[in-house]
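Here are my notes on the model you sent.

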Amino acid sequence: MSAMVQLLPMMEVVYNRKKATYFKMAHSNLRGTHVVAVNHIQAGAVVLIEKALHIQPTKNHPSLSVDPEYQSLIGILDGGSTSAASSTCSSTAHKDAVGRLAELNATAYVQGSTQKDEIWQLEDSHRQARVGDTVKIHGLASEAGKKLNEQHKSKSKSVLRSIKPCNLKTLGGIMRTNAYHDGSLEANLLFKELCRINHACGDAANVNRTIHQGKVYVVAKRDIADGEELLIDYLPLATELGRDRLELLHNMFNFWCQCSEHQQLA
Ligand SMILES: C[S@@+](CC[C@H](N)C(=O)[O-])C[C@H]1O[C@@H](n2cnc3c(N)ncnc32)[C@H](O)[C@@H]1O
């Protein structure tokens, strides 16, 4: 058991005893939903302990093994095609196959979840709905659309709007944008609050996380001022800054990092 894992029960005791409010959610067009300190936070403070709202095993959902589309996607990922197609073409096919597999898997796993509504609230930076994907649709103004709105009725009486790209979230995209890996469970996890913390590279991140047995423990790396945004490094093990890291983040999460470290390099 790692030294950090041994500390987790102690962190729970401190966190539960303190019951402090460390942060609030905020929203801006530039930052999307994000997390902001509401008091001065001292280095080492346990700012959040949260249980995952969705646990998705890393192995593909068993029901997919009889799905012909799944078989053909696995063929693509195993490099089944030996044709003389250009490498650009095959890498696009590979990327598409990864996306489609993520979609099939997430849909199969989320199907049985009691937390579906909360999962649908999360950001999807991979949104690329395809025929057959499960998507969340709201705010349709046509007669046919109004019936769909009824099925997804929100509690507030929101004004009907025409459909926007952000209405076309997919579960696979939500997983790929937000999931954190839990090695102890061999699973990818979604968290309601952790998933709202934006990314910053290396020293620009001011909180660290440890994920174990379906829970996340978030600790301040340094003092954080009242009103400062909480930032976490999505790739703590990939330490190099620069173009490679930017591309890695883009490939994995589909956003171009705007953190202060990268702005300095630009
Ligand atoms: C896990 S979510 C974080 C919360 C998100 N802002 C929201 O609105 O729910 C990850 C997404 O936030 C945005 N994001 C996070 N960190 C970013 C950064 N450093 N630069 C640009 N976009 C970032 C990207 O759209 C990314 O896909």
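1. A term first, for the strand pairing in point 6: two strands pair if DSSP finds at least two bridges between them. In that sense, Ile-55 stands opposite Leu-189 in β8.

2. Overall make-up. This is a predicted model. The chain has eight helices and twelve strands. Of its 266 residues, 26% are buried. Take the contacts between residues at least 6 apart in sequence: 71% of them join residues at least 24 apart.

3. Domains. The chain divides into domain 1 (3–52 + 191–265) and domain 2 (59–173). Seven residues of domain 1 are in contact with five residues of domain 2. On the domain 1 side, the touching residues are three nonpolar, three polar and one charged.

4. The largest nonpolar core. It holds 44 residues. Those that touch the most other members are Val-47, Leu-190, Phe-191, Val-207, Val-218 and Leu-230. At least two residues each come from β2 (32–37), β3 (46–51), α3 (87–110), α6 (171–178), β8 (187–190), β10 (207–212), β11 (215–220) and β12 (231–232). Domain 1 and domain 2 each give this core at least three residues. As a general background, nonpolar side chains in soluble globular proteins tend to be buried together.

5. Val-207 in detail. Which residues is Val-207 in contact with, leaving aside its neighbours within four places in sequence? They are Val-47, Val-218, Val-219, Ala-220, Lys-221, Leu-230, Leu-231 and Ile-232. Val-47, Val-218 and Leu-230 are also among the core residues that touch the most other members.

6. Strand β4 (residues 54–57). Its side chains alternate. His-54 and Gln-56 point to one face and are buried. β4 pairs with β8 in the antiparallel sense, over four bridges. Within β8, Leu-189 is the residue opposite Ile-55.

7. The ligand shell. How many residues surround the ligand? There are 17, and the closest are Gly-32, Glu-123, Ser-125, Asn-198 and His-199. β2, α6 and β9 (198–199) each supply at least two residues of the shell. The largest share, three residues, comes from β2. By class, the shell has six nonpolar, nine polar and two charged residues. β2 and α6 also each supply at least two residues of the core in point 4.

How values were computed:
Residues are numbered from 1 along each chain as its sequence is written. This is a predicted model: local features need pLDDT of at least 70, side-chain atom pairs count only at pLDDT 80 or more; totals for chains, interfaces and linings use all residues. A nonpolar core is a set of buried Ala, Val, Leu, Ile, Met, Phe, Trp, Tyr and Cys residues joined through C-beta atoms within 7 Å. A residue is buried if 20 or more other C-beta atoms lie within 10 Å of its own, exposed if 12 or fewer, and partly exposed in between; C-beta atoms are placed from the backbone. Domain bounds come from an automatic or database domain assignment. Two residues are in contact if their C-beta atoms, placed from the backbone, lie within 7 Å. A residue is near a molecule or strand if its C-beta atom, placed from the backbone, lies within 6 Å of it. Ala, Val, Leu, Ile, Met, Phe, Trp, Tyr, Cys and Pro count as nonpolar, Asp, Glu, Lys and Arg as charged, and the others, Gly among them, as polar.
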